[in-house]
Amino acid sequence: AVGRFYSGSFMGQSYTIDVVGDSTDYSESLASILAAVSGTAAPALKGSVVARYNAWQQVDSMLGFVDSTGLFGALYGMAGDYHRRTGGIYDPTLNPIRRAWKERREKGWTKGEPDLDELYRYTGFDASRIDLIEMQGADGYTYERSFLRKTDPRIELDLSRLAGAYGMDRIAAFLEERQVAQWKITWGRSTMIRGIWSDSLCTIPLGITGDDRDQKIRLSDGAFSYVQVADKVNMIDPSYGYPPQSSELIFVAIVAPRLTDAIVLSEAFMIMGLEDATAWYAEHPDSRVESFMLIQLCVVIYKASTE
């Protein structure tokens with residue numbers, strides 16, 4: 001079939017875009033979308049808003065910048081929304097705690113904990129530590145300039161996974177605007193699909209075993225992402241500052257309309273555990289989010305699904 005295939009690296013992960021039925025070369029447009037997101041939120045990219053904020057050392061003045069694309073405002077607003085929707089589990093300020101645990105592991109320290117009391121002084125995604133102010137012009141409507149505040153020079157933001165998923169969602173919206181009927185996007189272990197007639201695109205591994213024995217699912221319209229028990233070591237439960245070892249979940253897969261939902265909620269549910277993830281559904285009955293989870297109790301593995 002006529003089509004195009006694109007690939008590259010974005011926000012630290014490989015991506016592919018497989019377009020069927022449209023041979024138009026969208027390379028420049030796709031690259032422009034991803035470059036705009038990276039230029040806003042990539043923490044390692046000098047000059048990005050996030051990199052500038054993380055390097056900002058002043059607490060008596062604010063970092064000023066012009067958010068000409070509106071991307072930072074959108075990402076910051078989404079981060080706040082996910083923070084609220086997950087009861088604070090999604091928190092883009094936790095890198096200092098995450099690094100502290102990683103350093104202990106690398107040094108072979110198996111007892112005790114990092115100085116969490118000190119780390120909590122400059123982590124936590126709330127207006128008492130970090131705040132975005134968007135200034136309007138004299139007419140009260142025209143956007144003029146943005147300011148980011150921090151109350152401690154050690155506060156930092158990491159929107160990488162959210163921004164990566166958001167970039168892929170923008171690619172999906174671009175393809176839909178061009179009325180492309182069949183496509184598949186992958187970013188790391190996450191997938192987005194539109195169209196039902198190409199089994200080679202619509203059938204994807206569930207991600208439980210990661211090899212040829214893996215169970216597969218058919219996804220014709222939506223976004224899919226998963227996390228495994230091995231990912232827990234790099235997660236932090238912000239309620240107590242530890243990796244979520246108390247969670248009985250060992251696998252969480254999410255199907256959602258947007259990749260941002262699939263990526264954020266798969267990790268959030270793994271941290272929450274089954275009881276709190278079930279309660280999340282009761283609080284968000286119109287979410288359009290489906291999940292499949294594996295629960296390990298002693299040596300027995302159970303499954304739970306919204307399907």
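**Exercise 1. Which residues of the largest nonpolar core touch the most other members?**

Solution. In this predicted model, the largest nonpolar core has 80 residues, and Phe72, Leu148, Leu175 and Phe269 touch the most other members. Such a core is a set of buried Ala, Val, Leu, Ile, Met, Phe, Trp, Tyr and Cys residues joined through side-chain atoms within 4.5 Å, where buried means under 20% relative accessible area with a 1.4 Å probe and protein chains only. Helix α8 (residues 259-272) gives the most to this core, namely 10 residues. A second, separate core of 12 residues has Cys202, Leu219, Ala253 and Phe292 among its members.

Residues are numbered from 1 along each chain as its sequence is written. Local features need pLDDT of at least 70 and side-chain atom pairs count only at pLDDT 80 or more, while totals for chains, interfaces and linings use all residues, and side-chain values use heavy atoms, with hydrogens and water left out.

**Exercise 2. Find the order of the strands in the open sheet, and explain why one side of β3 and of β4 is left without a neighbour.**

Solution. Begin with the order, which is β3-β5-β4 with antiparallel pairing; strands are DSSP runs of E with at least two residues, helices are runs of H or I with at least four, and two strands pair if DSSP finds at least two bridges between them. Next, β3 (63-65) and β4 (130-136) stand at the edges with a single partner strand each, so one side of each has no neighbour in the sheet. Finally, β4 and β5 (residues 143-150) pair over seven bridges, and Gln136 stands opposite Tyr143 in β5.

Definitions and conventions:
Buried means under 20% relative accessible area, exposed over 50%, partly exposed in between (1.4 Å probe, protein chains only).
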